[in-house]
Amino acid sequence: MYLFLSNLAFVDIGFSSSVTPLMLITFLADETSIPLGGCVAQMCSAATLGTVECFLLAVMAYDRYMAICNPLLYSTNMSTGVCMLLLFISYVGGCVNAWIFMGCLLNRSFCGPNKINHFFCDYSPVLKLSNYQDDLAEILPAASAGSVIVITVLIIIISYVYILFSVLKINSTEGRSKAFATCSSHLTAVTLFYGTLTFIYMMPKSSYSTDENKVVSVFYTVMIPMLNPLIYSLRNNEVKGALRKMISRKLFFS
């Protein structure tokens, strides 16, 4: 579990770092310029790391399933070799999805306006600058992103269905509460991340405006990577105790 958490932290840092600096500059300046190479690099890194995070969340759900449903075989079924293989598949899946996005975009012609109506180089705002519009450039990336979301969500749902049945078989209330507490942080992260991704990449573009796209993009590129460490650290009793002390101290001084 901690191996996957460390990789999730690495992905969150890279994901947020590829977007946040330019976003802050955009907020401070009226207009911000970015070279074509920088725009492509930003888009590629965001697509790759965002997809890797989807796969990691699915792998972590499978890891929770093995830990709760097959605890005696956990060390065998989730050996170091198996964990490294799952991480390798996650990163390869992220690269493949990013290549599909980049392949559909880089063969377009961009000879017209070069002003992006967004705070970073996201796929849809950049595609709108293309002179030649075709359905394939919109359908193929949406199908690729949709496939990633559907596959990973199915893995998460199936894992948690088995976990739910296993938890319900536990007789003690304390055992049930511990099992649910183990999964609560992961379920919170999954709900926040997939909710925003579904809004951006799977809903029809006509159903929401560019301004709504910007607001939701802030959540999955900046807010969620910032909240993930807090979500997972609240499982730790020492962190909970320190947080309670800080809150009580502020209430006392106020």
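I started at Phe88, which lies in helix H5 (residues 80-106). Helices here are DSSP runs of H or I with at least four residues, numbered from the N terminus. I am working on a predicted model, where local features need pLDDT of at least 70, side-chain atom pairs count only at pLDDT 80 or more, and totals for chains, interfaces and linings use all residues. Residues are numbered from 1 along each chain as its sequence is written, and side-chain values use heavy atoms, without hydrogens or water.

I checked accessibility next. Phe88 is exposed, because its relative accessible area is 54% (buried is under 20%, exposed over 50%, partly exposed in between; 1.4 Å probe, protein chains only).

I then searched the whole structure for aromatic pairs and found three. Rings of Phe, Tyr and Trp (its six-membered ring) pair if their centres lie within 6.5 Å; planes under 30 degrees apart are stacked, over 60 edge-to-face, the rest tilted.

I looked at Tyr62 and Tyr65. Their ring centres are 6.0 Å apart and their planes stand at 40 degrees, so I log the pair as tilted. Both residues lie in helix H3 (residues 36-69), three residues apart, about one turn of the helix. Tyr62 is partly exposed, because its relative accessibility is 32%.

I moved to Phe193 and Tyr194. This aromatic pair is edge-to-face, 5.9 Å centre to centre with 90 degrees between the planes. Phe193 is buried at 1% relative accessibility, and Tyr194 is buried at 6%.

Last entry: I found one aromatic cluster formed by Tyr62, Tyr65 and Tyr162.

Methods:
Helices (H or I, at least four residues) and strands (E, at least two) are DSSP runs, numbered from the N terminus.
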